[in-house]
Amino acid sequence: MTVAGRRLWRVLAFAEEAICYSFLVLLVIITSLQVFTRYVLNAPLSWTEEAARMVFTWIIFIGAALIVKRGSHISIDYLAKVLPAAPRRWLLLVSHAFTLAVVAILAIKGFHLLQITGASESPALGIRWVYVYAAFPIGMSLMALRYAAALVAVWRGAAAAAPAAGPEP
């Protein structure tokens, strides 16, 4: 991978984490505000629950991409652990290719969904749902990038200690 490619990969990794952790902080603030206004002031805000759900949606799908980056998704890896190196490599190639195909299809279908839901707005905040629903195809696209990188790494003969970690330096 070129120097520019590694730099772009690092920027993407930083952006994923920054967005996910920033949204987590925002979720805690919104939820705390909701609890405070509802139970202390006895005058709940109408928008906090909706905003919390929107932010949580983004955390889920960006977080799923982060888990792929770390190779921490739940998997049944017994066979990969007991196979010798050559069959293990083929098993990982098939596994990564299949997973890449699934998340790529989900990303494409998710972008199609955005075209359908573009006009509707949320009731309390008036935010277009397309901005919330975009979390799904963006998260799937990030996962597809990670699995594609892992597939290339296995194809080139890299060790599969973290199967979907990609070419992080």
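Residues are numbered from 1 along each chain as its sequence is written, and side-chain values use heavy atoms, with hydrogens and water left out. Because the model is predicted, local features need pLDDT of at least 70 and side-chain atom pairs count only at pLDDT 80 or more, while totals for chains, interfaces and linings use all residues.

**Helices H1 and H2**

Helix H1 spans residues 3–40. Helix H2 spans residues 48–70. Both are DSSP runs (H or I, at least four residues), numbered from the N terminus. Their axes come within 9 Å and cross at roughly 150 degrees. Here axes are lines fitted to C-alpha atoms over the stretch in contact, and angles run from 0 to 180 degrees between N-to-C directions. The crossing angle therefore makes H1 roughly antiparallel to H2, a term for angles over 145 degrees. The crossing is left-handed: the near helix is turned anticlockwise from the far one by less than a right angle. By class, the contact has 19 nonpolar, four polar and five charged residues. Ala, Val, Leu, Ile, Met, Phe, Trp, Tyr, Cys and Pro count as nonpolar, Asp, Glu, Lys and Arg as charged, and the others, Gly among them, as polar.

Glutamine 34 sits in H1. Leaving aside neighbours within four places in sequence, glutamine 34 is in contact (heavy atoms within 4.5 Å) with Thr48 and Glu49. Glutamine 34 counts as buried at 14% relative accessibility. Buried means under 20% relative accessible area, exposed over 50%, and partly exposed in between (1.4 Å probe, protein chains only).

**Salt bridges**

The whole structure has four salt bridges. Each is a side-chain nitrogen of Lys or Arg within 4 Å of a carboxyl oxygen of Asp or Glu.

Glutamate 17 in H1 and lysine 69 in H2 are 52 residues apart. Glutamate 17 is partly exposed at 22%, whereas lysine 69 is buried at 9%. Glu17, Lys69 and Arg70 are linked in a network of salt bridges.

Glutamate 49 and arginine 53 are four residues apart in H2, so about one helical turn separates them. Glutamate 49 is partly exposed at 44%, and arginine 53 is partly exposed at 48%.

Key:
Helix = DSSP H or I, 4+ residues; strand = E, 2+ residues; numbered from the N terminus. Parallel < 35°, antiparallel > 145°, perpendicular 65-115°, else oblique.
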